[in-house]
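Please consult the sequence and structure shown here while reading.

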Amino acid sequence: MTNDPLLTVADLHAWYGESKALHGMNFTVRPGELVTLIGRNGAGKSTTLRSIMGIVKKRKGSIRFDGQETINRRTYQIARRGIAYCPEERAIFASLTVAENLTLPPVLKPGGISDDDLLRQFPNLQQRLRSGGAKLSGGEQQMLAIARILRTGARFLLLDEPSEGLAPVVVREIGEKILQLKEQGFTILLVEQNLQFARRVADRHVVVENGVVVDTLDAAEVEANLGRVKNYLGV
Amino acid sequence: MFDHITIQLLMGQLLIGLINGSFYAMLALGLAIIFGLMHVVNFAHGALYMLGAFVALILLNSFGVPYWGALMIAPIVVGAFGIVMERLILKPIQELDHLYSLLATFAAVLIIEGLMRLQFGASGLPYRSPLPGGVNLGFMFLPWYRAWVLVFSLIVCVAVWYLIEKTKLGAYLRAANERSEIVESFGINVPLMKSLTYGLGVALAALGGVLAAPIYQVSPSMGSNLMIVIFAVVVIGGMGSIIGAILTGYLIGIVEGLTKVFYPEGSHLAIFVIMILALILRPQGLFSAAEKSR
Amino acid sequence: MTRYVLFAALGIAALAAPFQVYPILLMTILCFVVFAASFNLLLGFAGLLCFGHAMFFGTAAYIAGWLLKNTAITIELAFLAATLAMAVLGYLVGLISARRGGIQFAMITFAIAQFIYFLLLRAPFTGGEDGMQGIPRSALFGVINVSSSFTLYYLILAITVLAIAAVYRIVHSPFGEVLRAIRDNEARVDSLGFNPVQFKILAITLSAGLAGLAGAMKATVFQIATLHDVSWHVSGTIIFMTLLGGLGTLAGPVVGAALVVVLHDYLAHFGEWALIIQGSVFLAVILFMRQGIVGAAKALYRRVVVRS
């Protein structure tokens, strides 16, 4: 494993219309790492993912991915470099069937998971292929939302709060899935509010507050400073 | 009271209604596709329909290209024009309130219509029917050309519906209608998709224009007259619903035809009465509930 | 201070204008100033794009015209009657359309306006394609003769000033505050316990009445009411005027109306080019200068003042 970061975010500022959401974010993600962005509601975690993906258009600073600057690129161009994004609200398309949802993202580069392997890894979806996207349960929607971005060939995943609003047993399942993906070599940047979930899966935690990074801790440091971390999250 | 009504009159008006309905359906369909993806209410749709008819006329008169050639060429030419239009006047304002794109296409109508009137005058120009003659069905005379328009426009509507609802390409479009930024995050060139979709919607309008040329006179104002009805059709059917646009288009054409039989003075008003009733009784549009509840 | 000087200068200019300029042209400007102000009340302050505002303008012209032609009614009562009638029409339009926001509202008002257009085309009293001609300028209060364009100008000017003052009052009232809040964030207004639909309906009613006043005045200025005044071309022109002048500003409609009326007057000899130029300028405003002339001037003024 090289130590060159796969993603380097430097002095990233971002705006929603007139209101500023990010005020100079700095952090890196190394290849094969699983990093979480943790912090309170509205701290700018989701905005960071959306900025990396180019969905938030008004942004300044530097986002280097795989050695190349992407801040001036459009969303689809960023995706083609090998980044995949799973949004907080999952965005399963209601007017598409599960099968259509699953195979909608095109294969952009080699290295993606084949459709057969996807169904093997996400067996729940197998029986639901023909039903409408809106008919799935929350957990199934989350599985589908993660599964469908794995076929493009992107090796870097942005996952926004995959545990949100799900029953504990489903959260556990999702956690296992994410660890599996890490084992398969995916690099993952995860936004989480659920500290327990984040502690279980992550190598490193980046704490976000008011649109800036205020702390970075590795897994061991978090365990040693649990009080401080909980204070960051307000729990 | 209705003694003047004969089977000939009834069937004749029903046919006219169906023909008009074909045009309503094709135009409303294009409008719905464009609105679904871009949230642009394309006020220029009528003007582009008119351009389609004029391109056919110019092809025939200046280049000797017959109707059947124009049927292929005019939608491509006008569709390409539409793509240029999208890049120049719609793309720059796509992040703003959608009212601006409506107004931008409205301004485009003034320019396009003005230029055409400058070049061709305000009065209608005839376009010779490529299929003269017809068949006597006993209860009515059916001109071949009208039969062709009926069948062909129905095929086009069904083909477009199939393309959108049943194919992979259509799946991209449907997904982008819901959340275009997510589709783009999958690596799909959504800006290009928007341009092409606008081009497709516009090409449909132009195709309608070519079909209309031998039936109505070709004139610069033919588009805005039609546009007025199309707006009502779209309001009745619900914005952005593909099947709603097609069905409402035909429905309104038939209703209009039948009103001409039973109450000729009210034929123009009938559409708007239906619209107002629909607004009061089903404010979300006749077909929109089945589509999406966003 | 500069403000009062500006107002005084404007007032003197308005009073002296008919000595220099053809009064009909001046009155046309004033009618469109009121019309544009009514449109601006809806789009600029309530965020509602009425794409068929000509229905109020044109219908009012017919109503005022019919009353003046067929009854012994005085001119101010004809204006009042047309205004009230259009307020009622506006209320009805609001009932049908106010529940739908944004682009839907625009399309519905457009279609309703076309309905009114066809209704008037069919109605026996409108004179069909020829229009309603020979509308008399009946005496003000039954005693003051306003039949000459010169004297009528001062009546129209006075009403215009009153109308603009009324818009100013509406915009700066608590009601106006709520309207702007609806424009900026409707859900929030709803959550505060106000019913946005009710406020929108009232805004449409007021705006329609004002547009009706403009149409009634126009009927006495030109002494004719035509279908053109109800057509979507006029609906489009009024949007153009308001946007060109500056949306959501009080001076915007005045500047926009004056410019466009003069432009129309000037371009009248150019036939089709008039439409093409109007469309091009409209497009340019939408693409490059959405704040309009008054908005741009304000921004410039602010920059200059801040710099110096």
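## Nonpolar cores

In this predicted model, the largest nonpolar core holds 292 residues, of which L7(A), F27(A) and L189(A) touch the most other members. A nonpolar core is a set of buried Ala, Val, Leu, Ile, Met, Phe, Trp, Tyr and Cys residues joined through side-chain atoms within 4.5 Å. Buried means under 20% relative accessible area, exposed over 50%, and partly exposed in between (1.4 Å probe, protein chains only). Helix α2 (residues 23–46) of chain C contributes the most to this core, with 19 residues. A second, separate core has nine residues, among them I38(A), L195(A), L217(A) and V222(A).

Apart from residues up to four places away in sequence, F27(A) touches L7(A), T8(A), V9(A), L37(A), T48(A), I52(A), L189(A), V206(A) and V213(A). Contact here means heavy atoms within 4.5 Å.

## Basis of the model

Residues are numbered from 1 along each chain as its sequence is written, and chains are lettered from A and ligands numbered from 1 in the order in which they are written. Local features need pLDDT of at least 70, side-chain atom pairs count only at pLDDT 80 or more, and totals for chains, interfaces and linings use all residues, while side-chain values use heavy atoms, with hydrogens and water left out.

## A buried loop residue

I71(A) lies in the loop between β5 (68–69) and α2 (75–82) of chain A. Helices (H or I, at least four residues) and strands (E, at least two) are DSSP runs, numbered from the N terminus. I71(A) has a relative accessible area of 8% and is therefore buried. Neighbours within four places in sequence aside, I71(A) is in contact with L12(A), R59(A), K60(A), G61(A), S62(A) and I63(A).

## The contact between chains B and C

Chain B gives 44 residues to the contact and chain C gives 38 residues. The buried area is about 3,900 Å², with 84% from carbon and sulfur atoms; this is the accessible area (1.4 Å probe) that two parts lose on being put together, summed over both. On the chain B side, L99(B), L103(B) and L110(B) lose the most area to chain C, together 15% of what that side buries.

One salt bridge is counted between chain B and chain C. The side chains of E272(C) and R117(B) meet in a salt bridge at 3.7 Å, N to O; the term requires a side-chain nitrogen of Lys or Arg within 4 Å of a carboxyl oxygen of Asp or Glu. Of the side of chain B that touches chain C, α4(B) gives the largest share, 16 residues.
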